[in-house]
Amino acid sequence: MARFEAEGGYLARHLTDTQHMSRLAGDYLKLVCERVYVSPGKLTAMLRAKWRLNTLPGHNYTDVNQPKNRKDHRHHAVDAFVLACTDRGLLNRISREAGRAEDLQLDRLFPPDSFPEPFPGFREELMRHLETVVVSHKSDHGLPVGAQDDVHVTSGQLHEGTAYGLVDEEIDGKRYNLVYRKPIDTLTKGEIDRVRDADLREALREVAYAAKRDDVKLPKALAEFGRTRRVGGELRPIHRVRLLKTKQSVRVVEHGASYAKAYVSGGNHRVEIYELAGGEWLGEGVSVYDANRPGYRPGWPGDHPGARLVMRVHNGDLIEADFGEGRQIMRIYGLEPIARRLRLAPHEAAGRIDERHEDPDDPLRWTFATYARLKKAGARKVYVDPIGRVFRTGRS
């Protein structure tokens with residue numbers, strides 16, 4: 001997303017791709033419908049501006065001449081409304097006055113009030129309906145083992161790509177359980193302190209100290225050390241070093257009786273939120289790796305025999321809760337079981353959401369909800385079908 005913004009956001013080539021896809025969509029529809037009319041994107045954008053529809057309810061944007069706000073999924077509904085109000089007569093009038101020249105700047109051909117309103121009070125009625133729109137999001141849960149005999153789809157990376165060795169060692173009073181290799185010229189100052197070999201660790205610390213003293217970049221100094229390293233007067237270059245690491249959430253894969261490697265689990269597949277007999281809400285995260293293991297069962301039912309499942313949530317799911325501003329539907333953007341919370345945002349939020357709150361005109365913000373806060377807010381999971389109907393359930 002940072003590169004997306006640095007390149008100028010929605011580039012012209014992306015708009016060109018959209019134009020080609022729209023043209024193909026029109027060709028497909030002509031195979032099943034007798035009359036299909038395709039409205040140019042420039043026309044839709046112009047009408048949206050002339051009819052003052054570039055603002056959305058709940059936003060701080062006030063300039064009706066501003067570009068379309070793509071940070072809110074409801075802009076698609078506004079486009080659909082404009083298309084529904086664009087009849088053949090309007091298309092013919094614009095084509096006639098523009099001389100059928102697509103490259104002309106249509107926006108300059110017509111004054112702001114040159115188009116009649118679709119119907120009286122259309123803008124206010126549309127905005128009123130947009131306030132009730134609930135965006136339908138397609139969640140990617142993957143298919144659990146055994147769902148289909150011939151198809152199995154994971155919902156993310158099973159584990160990180162690095163294979164670790166299993167150890168039990170200590171450096172400066174801190175214990176480590178994993179070891180792995182890394183190129184010497186990519187080490188950071190912190191990683192040097194975790195080099196497994198004590199003599200090499202001290203030598204690299206001296207290299208880092210000298211590099212800082214002489215204002216030499218650390219990668220260059222480390223690469224030079226690796227090329228010229230001598231042991232007992234004999235040249236012994238070193239390209240990769242062993243580093244120690246501590247990670248509790250690892251999965252061990254055994255190959256035969258004597259060979260085993262550890263892997264750090266990938267992302268979280270889901271969080272199971274449960275209620276203890278005393279009423280407290282807790283949660284257990286289930287990794288993608290564990291979710292795809294045959295016969296896997298979460299540990300909380302055995303640890304808390306009297307607990308009941310409140311809801312099972314995945315990234316992209318929707319929940320309804322009242323965080324002090326009335327009940328609203330939020331989308332789950334992050335599962336954070338270690339912090340005992342979910343990362344939420346309004347269901348209509350689109351694109352990059354600024355968690356640092358640097359843009360005062362952008363109303364889209366993260367909401368961090370701990371399990372206790374979710375209970376206080378009366379949270380419950382909801383399902384929104386493709387046409388926006390909301391189905392509320394007690395659990396999932």
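In the predicted model, Thr 367 touches Met 330, Leu 342, Arg 343, Leu 344 and Arg 373, when residues up to four places away in sequence are not counted. Thr 367 belongs to strand β14, which covers residues 367-370. The relative accessible area of Thr 367 is 17%; because buried means under 20%, this residue is classed as buried.

A packed pair of helices was also examined. Two packed helices are described by the angle between their axes and the distance between the axes. Helix α3 comprises residues 41-50 and helix α4 comprises residues 75-84; their axes come within 10 Å and cross at roughly 100 degrees. Since angles of 65 to 115 degrees count as roughly perpendicular, α3 is therefore roughly perpendicular to α4. The contact residues of the two helices divide into four nonpolar, one polar and two charged. On the α3 side, Thr 44, Leu 47 and Arg 48 take part, and they meet Val 78, Asp 79, Val 82 and Leu 83 of α4.

Strands of a sheet pair through backbone hydrogen bonds, either parallel or antiparallel. Between β8 (residues 268-275) and β9, the antiparallel pairing extends over seven bridges. Glu 272 has Glu 284 of β9 as its bridge partner.

Technical notes. Residues numbered from 1 in each chain as written. Predicted model: local features only at pLDDT ≥ 70, side-chain atom pairs only at ≥ 80, totals over all residues. Heavy atoms only, no water. Pairing = 2+ DSSP bridges. Helix = DSSP H or I, 4+ residues; strand = E, 2+ residues; numbered from the N terminus. Axes fitted to C-alpha atoms, helices over the stretch in contact; angles between N-to-C directions. Parallel < 35°, antiparallel > 145°, perpendicular 65-115°, else oblique. Contact = heavy atoms within 4.5 Å. Nonpolar A, V, L, I, M, F, W, Y, C, P; charged D, E, K, R; others polar. Buried < 20%, exposed > 50% of the residue type's maximum accessible area, 1.4 Å probe, protein only.
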